[in-house]
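Please read the following walk through a predicted model with the coordinates open beside the text.

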Amino acid sequence: ARRDMSVRLAAICRALARIGTKQSVPALAELLGDEQTAPIARYALDRIPGPEAGETLRKALPRATGAVRLEIIASLGSRRHREAVGDLLAILRGGDAKAATAATWALAAIGDPAAVDPILATRAVPVDVLLTLAARLTADGHADAARKVYARLESSESDHVQAAVLE
């Protein structure tokens, strides 16, 4: 019976990922609290437009653990949920290496200038993170912040990085 319910909930969440609206968010928020249904609820929330879904994911972050926590962090980045920047910066500075790496990627995807110095202060930041961050900052009109990131990239030996910096 539990398996049948899980299969039905998964089908409903997949449908909500395609057609869900802000009215779907409260029901999905409840599913985030259960480790069995959290992954599929997160999947649906990631795809529902509007700030309500992003805010629900942000609020679920403190109690999320393991893979679900990493997925929520990724969703906040892919949604470019700026309200999560403070939460993600706290994770970046925290002791969980996997979560910090996920937060770095999410912060780069969001492209908030407040993330530049903390990301640049991180030891081994992947070049792709820096390229993503610089591109987002440039596209959003944050030229001074983007220049700081490009300055860090200029020291790279990689040909593809040099080509991106020159663009």
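Axes here are lines fitted to C-alpha atoms, for helices over the stretch in contact, and angles run from 0 to 180 degrees between N-to-C directions. Helices themselves are DSSP runs (H or I, at least four residues), numbered from the N terminus. With these conventions, the axes of helix 4 and helix 5 come within 10 Å and cross at roughly 145°. That crossing is left-handed, a term used if the near helix is turned anticlockwise from the far one by less than a right angle. Helix 4 contributes G54, L57, R58 and A60 to the contact, while helix 5 contributes I72, S75 and L76, where contact means heavy atoms within 4.5 Å.

Because this is a predicted model, local features need pLDDT of at least 70 and side-chain atom pairs count only at pLDDT 80 or more, whereas totals for chains, interfaces and linings use all residues. Residues are numbered from 1 along each chain as its sequence is written, and side-chain values use heavy atoms, with hydrogens and water left out.

Helix 5 has 13 residues and reaches 19 Å from its first C-alpha to its last, close to the 18 Å expected at 1.5 Å a residue, the expected span being 1.5 Å times one less than the number of residues. Its buried residues (under 20% relative accessible area, with a 1.4 Å probe and protein chains only) are V68, R69, I72, I73, S75, L76 and G77, and they pack against helix 3, helix 4, helix 6 and helix 7. Just after helix 5, R80 takes a positive phi of about 55°.

Two arginines can be followed from here. The side chain of R69, in helix 5, makes a polar contact of 3.4 Å with the side chain of D96; such a contact is a pair of N or O atoms within 3.5 Å, of which one must be able to donate a hydrogen and the other to accept it. In helix 4, the side chain of R58 is joined to that of E55 by a polar contact of 2.5 Å, and, not counting residues up to four places away in sequence, R58 also touches L76, H81, E83, A84 and D87.

Definitions and conventions: Buried < 20%, exposed > 50% of the residue type's maximum accessible area, 1.4 Å probe, protein only.
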